[in-house]
Amino acid sequence: MNRAVDPRELKVHRDDGVAKGDVLLEVKDVSLRFGGVKAITKISFDVRKGEIRAIIGPNGAGKTSMLNVINGFYTPQEGTITFRGVERRAMRTTDAARQGIARTFQNIALFKGMTTLDNIMTGRITLQKSNLFAQAVWRGPALREELEHRHRVEEIIDFLEIQHIRKVPVGRLPYGLQKRVELGRALAAEPALLLLDEPMAGMNLEEKEDMSRFILDVNSQFGTTIALIEHDMGVVMDISDRVVVLDYGRKIGDGSPEEVSKNQDVIDAYLGVPHE
Amino acid sequence: MLYREAGDFKTTYVADMQTFPIRGERILFWLFVAFCFAVVPFFITGYWEKSILVPFLVWSMIALGLNILTGYCGQVSLGTGGFMAVGAFACYKLTTAFPELNIVLVIILSGAVTAGVGMLFGLPSLRIKGFYLAVATLAAQFFLVWCFNKFGWFYNYSASGQISMPTRTLFGVAVTGPDAPPWATYLVSLTFVFVFAWVARNLTRGRLGRSWMAMRDMDIAAQIMGISPFNAKLSAFAISSFYVGMGGAMFFAIYLGAAEVTEAFGIDKSFDALFMIIIGGLGSILGSFLGAAFIVVFPVFLKNVMVGGLGWSTDLAAHVEIMTVGALIIFFLIVEPHGLAQIWRLTKEKLRLWPFPY
């Protein structure tokens, strides 16, 4: 595999003061209700720094809701979330982004009117500081900052092998490439925790293999901690270090891929239980 | 031949980020600017100034402002006329209260006052979107016009309720009032528009512009990327109103000379500005200019052809003019919903390969 940039030279990761293997994110007794609908009931699990943590479960199990709770989009009625040693329940999504949580979406949420380059540059917005007047004249500090961030973004573009679509508005790109641009946008934020919501949904085998390779590379080369939701069991079992299984908003399994695949509750949830 | 990118390699990011990436285009642009600044002032007549160039420039400024808000940040506004009035009245009050104050500074300060008012009326945008926001800004339009009519303080208690611009000079030359020579008003307007179009270009390509466009394209994803809707939307309202306010001040001070608020800054002005950016191209600096040209200059051109060229009666020409402009708006919107700027962009893409498209 030929790459313009050796990923090891890239620092797409922020120093978050948590040692590898320690708990980076801890979700404790979290419950989330929408009126009478219980989306999540008393779920606890943790994500350790440097691992790939998969969240799986049948449709409607509460996986995406869980991600939305983690990055502050939903506020759970009960329970706490501890990220990098800071405990919280309610927070704004923008604060979650500033603390280093980035994510991709199940149904791609790119900025369709903007180019690939601008989309990925948007990922660095929380790291940009120049003021209004500096930006208005586009000289000195604003330009210097722009170039610095452009340089980092170009490295991500090289890493994801999307140089040829740099200046194409993302609305015109095929689905597989859009998914990749979205991963690039999340990486550009130098996240401490990267949340991926079905990164391989709707992809063909080759695209899935590419995406798995990118996820593994991001994890091993940058040391980025990843929590992902995925339905393709083959992929989940291959790439994740630990798996948490949800069903009807409850946790029914937690452990290594082998343990989880032998768990009777998990097998029942996926294959169904015969009713007599 | 001029429009070629072959052999024009970019070796730095600065070169790659240029507004006009192709050398031929860059040369043409600067030749055009030089022509506007150095040649036109020597030949400009009162007719060209009053009917074509100054209104075109002033409306370009207003369209730029609205395009920042609607085209870049996706917030529909029907309050443009009201914000123009704020700029005009701020200009009037400032220049009558402090006659010594430089007119350039007065216009910029008028923009700043309008920016404050714009932010205030932008607050509903944090809660509502789309058509509902349009209705909320419509309230701004009616409220502001009513306000300037109702309270005599705004028009210095003049008997007619009108405001009229006293003569103000810049470097010893009158630039407002009845004695201002055409070249002076033209040059002042041109300089303002040139400088602030450049500023708009810079703002829209940097961090701020990206946060606006992100808010426009997908607001939830923007928030999750760490863009605060409060900052993004209110900064768009402030900067947009700043431009519209300066445009309103120029509209009153340089172009009209005297204004009556319901007449000069009615709801039709809001619609004119909106049509300009829709026809010109949402989210495009060039589109603001093309739209302003289409709405302001094109009817004058038509009238000259019909009355001057074909010898038709003026009232017939007036009706045909309205029909033609209306038909063309529909035609352009069907052919290219993204506006004249998009047509220009597509033409350029074809030109890059012309005449050998393979």
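Reply: Helix 4 of chain B passes helix 5 of chain B in a right-handed crossing. A crossing is right-handed if the near helix is turned clockwise from the far one by less than a right angle, and left-handed if anticlockwise. Helices here are DSSP runs of H or I with at least four residues, and strands are runs of E with at least two, numbered from the N terminus. This is a predicted model, in which local features need pLDDT of at least 70, side-chain atom pairs count only at pLDDT 80 or more, and totals for chains, interfaces and linings use all residues. Residues are numbered from 1 along each chain as its sequence is written, and chains are lettered from A and ligands numbered from 1 in the order in which they are written.

Me: At roughly what angle do the axes of helix 4 and helix 5 of chain B cross?

Reply: Axes are lines fitted to C-alpha atoms, for helices over the stretch in contact, with angles from 0 to 180 degrees between N-to-C directions. Helix 4 (residues 80-97) and helix 5 (residues 103-122) of chain B have axes that come within 8 Å and cross at roughly 135°. Helix 4 of chain B is therefore oblique to helix 5 of chain B; under 35 degrees is roughly parallel, over 145 roughly antiparallel, 65 to 115 roughly perpendicular, and the rest oblique.

Me: Which classes of residue make up the contact of helix 4 with helix 5 of chain B?

Reply: Ten are nonpolar, six polar and none charged. Nonpolar means Ala, Val, Leu, Ile, Met, Phe, Trp, Tyr, Cys and Pro; charged means Asp, Glu, Lys and Arg; the others, Gly among them, are polar.

Me: Which residues touch the most other members of the largest nonpolar core?

Reply: Such a core is a set of buried Ala, Val, Leu, Ile, Met, Phe, Trp, Tyr and Cys residues joined through C-beta atoms within 7 Å. In the largest, of 168 residues, they are B:Val58, B:Met61, B:Ala85, B:Ala88 and B:Met250. Helix 10 (residues 229-256) of chain B gives the largest share of this core, 16 residues.

Me: Is A:Ala227 buried or exposed?

Reply: A:Ala227 counts as buried because it has 25 C-beta neighbours inside 10 Å; the cut-off for buried is 20 or more other C-beta atoms within 10 Å, with C-beta atoms placed from the backbone. A:Ala227 lies in strand 8 (residues 225-229) of chain A.

Me: How many residues of chain B are in contact with chain A?

Reply: Contact requires C-beta atoms, placed from the backbone, within 7 Å. By that criterion, 22 residues of chain B contact 31 residues of chain A. Helix 8 of chain B gives the most to the chain B side, with seven residues.

How values were computed:
Two residues are in contact if their C-beta atoms, placed from the backbone, lie within 7 Å. A residue is buried if 20 or more other C-beta atoms lie within 10 Å of its own, exposed if 12 or fewer, and partly exposed in between; C-beta atoms are placed from the backbone.
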